[in-house]
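Okay, thanks for coming, everyone. Let me put the sequence and the model up, and then I'll walk you through a few spots.

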Amino acid sequence: MSTTATATGAPAATTVLNATDVTMRFGGLTAVRSVGLTVDSGEIVGLIGPNGAGKTTFFNCLTGLYVPTEGRVTYKGTVLPPKPHLVTKAGIARTFQNIRLFANMTVLENVLIGRHTRTKEGLWSAILRGPGFRKAEAASRERAMELLEFTGLQDKADHLARNLPYGEQRKLEIARALASDPGLLLLDEPTAGMNPQETRATEELVFAIRDQGIAVLVIEHDMRFIFNLCDRVACLVQGEKLVEGTPEVVQADERVVAAYLGTPYEEAPAKDPADPADTATDSTRSTTDTTSTDDTAAPAAHDTPDGDDR
(Lines give C-alpha, C1' and ligand atoms only; values in the text may rest on other atoms or scores of the structure.)
Protein backbone atom coordinates (compact mmCIF):
# COMPACT_ATOMS: atom_id res chain seq x y z
CA MET A 1 0.00 0.00 0.00
CA SER A 2 1.67 3.22 -1.17
CA THR A 3 1.47 6.53 0.62
CA THR A 4 2.60 9.94 -0.54
CA ALA A 5 3.51 12.78 1.78
CA THR A 6 3.17 16.53 1.74
CA ALA A 7 6.07 18.94 2.10
CA THR A 8 5.44 19.01 5.87
CA GLY A 9 5.79 15.24 6.07
CA ALA A 10 2.12 14.53 6.77
CA PRO A 11 0.57 11.68 4.77
CA ALA A 12 -1.38 13.06 1.81
CA ALA A 13 -2.83 10.10 -0.04
CA THR A 14 -2.96 6.35 0.35
CA THR A 15 -3.63 3.98 -2.51
CA VAL A 16 -6.99 2.40 -1.72
CA LEU A 17 -7.52 0.40 -4.92
CA ASN A 18 -4.80 -0.93 -7.19
CA ALA A 19 -5.86 -2.89 -10.28
CA THR A 20 -2.92 -4.21 -12.27
CA ASP A 21 -3.11 -5.62 -15.82
CA VAL A 22 -6.70 -6.77 -15.38
CA THR A 23 -7.84 -8.95 -18.29
CA MET A 24 -11.23 -10.63 -18.61
CA ARG A 25 -11.95 -13.20 -21.29
CA PHE A 26 -15.17 -15.03 -22.03
CA GLY A 27 -14.08 -17.98 -24.12
CA GLY A 28 -12.46 -16.42 -27.17
CA LEU A 29 -13.79 -12.96 -26.36
CA THR A 30 -11.60 -10.45 -24.53
CA ALA A 31 -13.84 -7.85 -22.91
CA VAL A 32 -11.09 -6.15 -20.87
CA ARG A 33 -7.43 -6.23 -21.81
CA SER A 34 -4.55 -5.36 -19.44
CA VAL A 35 -6.29 -2.45 -17.70
CA GLY A 36 -4.56 -0.84 -14.77
CA LEU A 37 -6.09 1.74 -12.45
CA THR A 38 -5.49 3.17 -8.98
CA VAL A 39 -7.77 5.11 -6.68
CA ASP A 40 -6.35 7.03 -3.75
CA SER A 41 -7.97 8.02 -0.51
CA GLY A 42 -9.98 11.23 -0.75
CA GLU A 43 -10.18 10.92 -4.53
CA ILE A 44 -13.01 10.67 -7.05
CA VAL A 45 -11.99 8.83 -10.21
CA GLY A 46 -14.14 8.54 -13.32
CA LEU A 47 -14.28 5.75 -15.87
CA ILE A 48 -15.68 6.67 -19.28
CA GLY A 49 -15.89 5.13 -22.72
CA PRO A 50 -18.34 4.41 -25.52
CA ASN A 51 -20.79 1.53 -25.34
CA GLY A 52 -18.97 -1.78 -25.54
CA ALA A 53 -15.81 -0.40 -23.96
CA GLY A 54 -15.77 -2.89 -21.05
CA LYS A 55 -16.45 -0.49 -18.19
CA THR A 56 -18.97 -2.58 -16.24
CA THR A 57 -17.00 -5.75 -16.91
CA PHE A 58 -14.03 -4.02 -15.29
CA PHE A 59 -16.23 -3.04 -12.33
CA ASN A 60 -17.35 -6.65 -12.00
CA CYS A 61 -13.72 -7.75 -11.86
CA LEU A 62 -13.08 -5.29 -9.03
CA THR A 63 -16.04 -6.46 -6.96
CA GLY A 64 -15.76 -10.24 -7.21
CA LEU A 65 -18.64 -10.82 -9.64
CA TYR A 66 -16.01 -11.93 -12.14
CA VAL A 67 -12.63 -13.47 -11.41
CA PRO A 68 -10.16 -11.79 -13.78
CA THR A 69 -8.54 -14.11 -16.28
CA GLU A 70 -5.28 -12.27 -15.70
CA GLY A 71 -4.02 -9.52 -13.45
CA ARG A 72 -4.77 -8.74 -9.83
CA VAL A 73 -6.82 -6.36 -7.73
CA THR A 74 -5.79 -5.18 -4.28
CA TYR A 75 -7.60 -3.09 -1.69
CA LYS A 76 -5.32 -1.27 0.74
CA GLY A 77 -2.52 -3.63 -0.24
CA THR A 78 -4.46 -6.88 0.18
CA VAL A 79 -5.49 -9.04 -2.76
CA LEU A 80 -9.28 -9.15 -2.91
CA PRO A 81 -11.07 -12.49 -2.53
CA PRO A 82 -13.12 -13.64 -5.56
CA LYS A 83 -16.50 -13.45 -3.80
CA PRO A 84 -18.76 -10.37 -3.81
CA HIS A 85 -19.75 -10.59 -0.15
CA LEU A 86 -16.10 -10.92 0.88
CA VAL A 87 -15.15 -7.92 -1.26
CA THR A 88 -17.90 -5.95 0.48
CA LYS A 89 -16.65 -7.13 3.85
CA ALA A 90 -13.13 -6.04 2.89
CA GLY A 91 -14.36 -2.49 2.33
CA ILE A 92 -15.62 -2.03 -1.24
CA ALA A 93 -19.29 -1.36 -1.95
CA ARG A 94 -21.03 -0.71 -5.26
CA THR A 95 -24.24 0.25 -6.96
CA PHE A 96 -25.48 -1.07 -10.29
CA GLN A 97 -26.52 0.51 -13.57
CA ASN A 98 -29.91 -1.15 -13.22
CA ILE A 99 -31.44 -0.36 -9.84
CA ARG A 100 -31.44 -3.44 -7.59
CA LEU A 101 -33.59 -2.70 -4.61
CA PHE A 102 -35.80 -5.07 -2.65
CA ALA A 103 -38.90 -3.48 -4.09
CA ASN A 104 -41.39 -5.00 -1.62
CA MET A 105 -39.37 -4.02 1.44
CA THR A 106 -39.30 -0.63 3.10
CA VAL A 107 -36.66 1.99 2.56
CA LEU A 108 -35.27 1.34 6.04
CA GLU A 109 -35.21 -2.43 5.55
CA ASN A 110 -33.24 -2.01 2.32
CA VAL A 111 -30.55 -0.06 4.14
CA LEU A 112 -30.51 -2.53 7.03
CA ILE A 113 -29.70 -5.29 4.56
CA GLY A 114 -26.54 -3.38 3.70
CA ARG A 115 -25.41 -3.75 7.31
CA HIS A 116 -25.14 -7.53 7.16
CA THR A 117 -21.36 -7.57 6.63
CA ARG A 118 -20.83 -5.38 9.70
CA THR A 119 -22.91 -7.39 12.18
CA LYS A 120 -21.54 -10.40 14.04
CA GLU A 121 -24.77 -11.94 15.23
CA GLY A 122 -25.39 -15.41 13.83
CA LEU A 123 -28.39 -17.63 13.16
CA TRP A 124 -28.97 -18.76 16.73
CA SER A 125 -28.61 -15.24 18.04
CA ALA A 126 -31.30 -14.12 15.60
CA ILE A 127 -33.58 -16.99 16.59
CA LEU A 128 -33.14 -16.53 20.34
CA ARG A 129 -33.11 -12.72 20.08
CA GLY A 130 -30.98 -12.31 23.17
CA PRO A 131 -29.52 -9.06 24.57
CA GLY A 132 -26.58 -9.15 22.15
CA PHE A 133 -28.86 -9.43 19.15
CA ARG A 134 -31.15 -6.64 20.34
CA LYS A 135 -28.18 -4.36 20.93
CA ALA A 136 -26.75 -5.07 17.47
CA GLU A 137 -30.16 -4.57 15.88
CA ALA A 138 -30.60 -1.21 17.57
CA ALA A 139 -27.13 -0.09 16.48
CA SER A 140 -27.83 -1.13 12.88
CA ARG A 141 -31.14 0.69 12.89
CA GLU A 142 -29.51 3.84 14.24
CA ARG A 143 -26.81 3.72 11.56
CA ALA A 144 -29.39 3.09 8.84
CA MET A 145 -31.40 6.12 9.91
CA GLU A 146 -28.23 8.23 9.87
CA LEU A 147 -27.65 7.20 6.28
CA LEU A 148 -31.24 7.94 5.31
CA GLU A 149 -30.84 11.41 6.80
CA PHE A 150 -27.54 11.81 4.95
CA THR A 151 -29.23 10.99 1.63
CA GLY A 152 -32.39 12.97 2.41
CA LEU A 153 -34.67 9.94 2.70
CA GLN A 154 -35.34 9.94 6.45
CA ASP A 155 -38.98 10.94 6.00
CA LYS A 156 -39.60 7.92 3.76
CA ALA A 157 -38.08 5.24 5.96
CA ASP A 158 -41.37 3.32 6.15
CA HIS A 159 -42.27 3.64 2.47
CA LEU A 160 -41.94 0.66 0.16
CA ALA A 161 -38.89 1.02 -2.05
CA ARG A 162 -40.94 0.49 -5.19
CA ASN A 163 -43.04 3.57 -4.39
CA LEU A 164 -40.09 5.97 -4.39
CA PRO A 165 -39.51 8.26 -7.38
CA TYR A 166 -36.69 7.16 -9.65
CA GLY A 167 -34.13 9.65 -8.33
CA GLU A 168 -34.81 8.63 -4.74
CA GLN A 169 -34.45 4.96 -5.63
CA ARG A 170 -30.95 5.81 -6.84
CA LYS A 171 -30.25 7.56 -3.54
CA LEU A 172 -31.55 4.56 -1.63
CA GLU A 173 -29.21 2.24 -3.48
CA ILE A 174 -26.31 4.50 -2.55
CA ALA A 175 -27.47 4.56 1.09
CA ARG A 176 -27.60 0.76 1.13
CA ALA A 177 -24.06 0.58 -0.27
CA LEU A 178 -22.83 3.04 2.37
CA ALA A 179 -24.40 0.88 5.09
CA SER A 180 -21.47 -1.54 4.78
CA ASP A 181 -19.11 1.29 5.87
CA PRO A 182 -16.90 1.07 2.77
CA GLY A 183 -13.57 2.75 2.19
CA LEU A 184 -14.25 2.72 -1.56
CA LEU A 185 -17.60 3.19 -3.28
CA LEU A 186 -18.12 2.13 -6.91
CA LEU A 187 -20.99 3.84 -8.72
CA ASP A 188 -22.18 2.42 -12.05
CA GLU A 189 -23.97 5.19 -13.97
CA PRO A 190 -25.54 6.85 -10.91
CA THR A 191 -27.26 9.58 -12.97
CA ALA A 192 -28.68 7.37 -15.74
CA GLY A 193 -32.23 8.52 -16.52
CA MET A 194 -32.08 11.54 -14.22
CA ASN A 195 -33.17 15.08 -15.00
CA PRO A 196 -30.68 17.98 -14.51
CA GLN A 197 -31.89 18.75 -10.97
CA GLU A 198 -31.51 15.11 -9.89
CA THR A 199 -28.08 14.95 -11.53
CA ARG A 200 -26.94 18.02 -9.62
CA ALA A 201 -28.22 16.52 -6.35
CA THR A 202 -26.29 13.32 -7.08
CA GLU A 203 -23.13 15.33 -7.74
CA GLU A 204 -23.49 17.05 -4.37
CA LEU A 205 -24.12 13.70 -2.68
CA VAL A 206 -20.95 12.19 -4.17
CA PHE A 207 -18.92 15.17 -2.97
CA ALA A 208 -20.42 14.71 0.51
CA ILE A 209 -19.47 11.02 0.43
CA ARG A 210 -15.90 11.93 -0.50
CA ASP A 211 -15.83 14.48 2.32
CA GLN A 212 -16.60 11.63 4.74
CA GLY A 213 -13.30 10.01 3.73
CA ILE A 214 -14.68 7.49 1.22
CA ALA A 215 -12.91 7.18 -2.13
CA VAL A 216 -15.19 6.95 -5.16
CA LEU A 217 -14.86 5.30 -8.58
CA VAL A 218 -17.68 6.15 -10.95
CA ILE A 219 -18.79 5.05 -14.43
CA GLU A 220 -20.84 7.64 -16.25
CA HIS A 221 -21.90 8.65 -19.76
CA ASP A 222 -22.84 12.21 -18.76
CA MET A 223 -19.59 14.00 -19.63
CA ARG A 224 -20.51 17.26 -17.93
CA PHE A 225 -21.24 15.37 -14.71
CA ILE A 226 -18.04 13.32 -14.85
CA PHE A 227 -15.71 16.21 -15.67
CA ASN A 228 -17.22 18.43 -12.97
CA LEU A 229 -17.02 15.65 -10.41
CA CYS A 230 -13.73 13.81 -10.83
CA ASP A 231 -10.13 14.44 -9.87
CA ARG A 232 -8.95 11.98 -12.52
CA VAL A 233 -10.65 10.30 -15.48
CA ALA A 234 -9.71 7.15 -17.41
CA CYS A 235 -11.17 6.32 -20.82
CA LEU A 236 -11.66 2.74 -22.01
CA VAL A 237 -12.04 1.87 -25.69
CA GLN A 238 -12.52 -1.69 -26.96
CA GLY A 239 -11.55 -3.08 -23.55
CA GLU A 240 -8.28 -1.16 -23.30
CA LYS A 241 -7.35 1.99 -21.38
CA LEU A 242 -6.88 4.71 -23.96
CA VAL A 243 -5.91 7.64 -21.76
CA GLU A 244 -5.93 8.71 -18.11
CA GLY A 245 -5.47 12.11 -16.57
CA THR A 246 -7.18 15.19 -15.23
CA PRO A 247 -10.59 16.07 -16.68
CA GLU A 248 -8.98 18.89 -18.66
CA VAL A 249 -6.42 16.55 -20.22
CA VAL A 250 -8.90 13.81 -21.06
CA GLN A 251 -11.62 15.98 -22.59
CA ALA A 252 -9.02 17.70 -24.79
CA ASP A 253 -7.56 14.40 -26.05
CA GLU A 254 -8.44 13.93 -29.72
CA ARG A 255 -8.48 10.15 -29.26
CA VAL A 256 -11.28 10.43 -26.71
CA VAL A 257 -13.26 12.69 -29.01
CA ALA A 258 -12.73 10.28 -31.91
CA ALA A 259 -13.78 7.29 -29.80
CA TYR A 260 -17.08 8.92 -28.86
CA LEU A 261 -17.75 10.11 -32.40
CA GLY A 262 -16.92 6.70 -33.83
CA THR A 263 -14.17 8.00 -36.09
CA PRO A 264 -10.75 6.29 -36.28
CA TYR A 265 -7.73 8.10 -34.96
CA GLU A 266 -4.05 7.68 -35.72
CA GLU A 267 -2.56 4.50 -34.20
CA ALA A 268 -6.01 3.27 -33.14
CA PRO A 269 -5.92 -0.46 -32.23
CA ALA A 270 -7.16 -2.66 -35.03
CA LYS A 271 -10.36 -4.49 -34.18
CA ASP A 272 -9.80 -8.23 -34.16
CA PRO A 273 -12.72 -9.92 -35.93
CA ALA A 274 -12.26 -12.95 -33.68
CA ASP A 275 -12.17 -10.82 -30.56
CA PRO A 276 -14.83 -8.09 -30.73
CA ALA A 277 -15.46 -6.68 -27.26
CA ASP A 278 -18.93 -5.47 -28.12
CA THR A 279 -20.45 -8.53 -29.81
CA ALA A 280 -20.62 -11.00 -26.94
CA THR A 281 -23.52 -13.42 -26.79
CA ASP A 282 -25.40 -14.64 -23.79
CA SER A 283 -23.64 -17.99 -24.06
CA THR A 284 -20.43 -16.33 -22.83
CA ARG A 285 -21.99 -14.42 -20.01
CA SER A 286 -22.20 -15.07 -16.30
CA THR A 287 -25.70 -15.77 -15.05
CA THR A 288 -24.87 -15.92 -11.36
CA ASP A 289 -25.40 -12.85 -9.22
CA THR A 290 -25.06 -13.23 -5.47
CA THR A 291 -26.50 -9.76 -4.97
CA SER A 292 -29.65 -10.14 -7.05
CA THR A 293 -32.93 -9.05 -5.55
CA ASP A 294 -36.53 -10.20 -5.68
CA ASP A 295 -38.44 -10.96 -8.85
CA THR A 296 -39.36 -7.31 -9.38
CA ALA A 297 -35.74 -6.27 -9.86
CA ALA A 298 -34.35 -5.10 -13.17
CA PRO A 299 -32.20 -7.50 -15.24
CA ALA A 300 -28.72 -7.95 -13.84
CA ALA A 301 -26.16 -5.44 -15.08
CA HIS A 302 -23.49 -8.13 -15.24
CA ASP A 303 -25.53 -10.47 -17.41
CA THR A 304 -23.51 -9.08 -20.30
CA PRO A 305 -19.75 -8.71 -20.42
CA ASP A 306 -20.42 -4.98 -20.08
CA GLY A 307 -23.74 -4.09 -18.49
CA ASP A 308 -23.55 -0.51 -19.78
CA ASP A 309 -23.48 -1.66 -23.39
CA ARG A 310 -27.11 -1.73 -24.23
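First, a term: buried means under 20% relative accessible area, exposed over 50%, and partly exposed in between, using a 1.4 Å probe and protein chains only. By that cut-off F26 is buried, at 7% relative accessible area, and Y66 is buried too, at 4%.

Quick housekeeping: this is a predicted model, so local features need pLDDT of at least 70, side-chain atom pairs count only at pLDDT 80 or more, and totals for chains, interfaces and linings use all residues. Residues are numbered from 1 along each chain as its sequence is written, and side-chain values use heavy atoms, with hydrogens and water left out.

Now, how many aromatic pairs does a search of the whole structure find? The search finds 1 (Phe, Tyr and Trp rings, the six-membered one for Trp, with centres within 6.5 Å; planes under 30 degrees apart are stacked, over 60 edge-to-face, the rest tilted). In F26 and Y66 the ring centres are 5.3 Å apart and the planes sit at 80 degrees, so that pair is edge-to-face. F26 is in strand β2 (residues 11-26) and Y66 in the loop between α1 (55-62) and β5 (70-75), so the pair ties together parts 40 residues apart in sequence. Those helices (H or I, at least four residues) and strands (E, at least two) are DSSP runs, numbered from the N terminus.

Over to F96. R94 lies over its face, at 4.1 Å from the ring centre, and R100 lies over the face of F96 as well, at 3.8 Å. The rule there is Lys NZ or Arg CZ within 6 Å of the ring centre and within 35 degrees of the ring normal.
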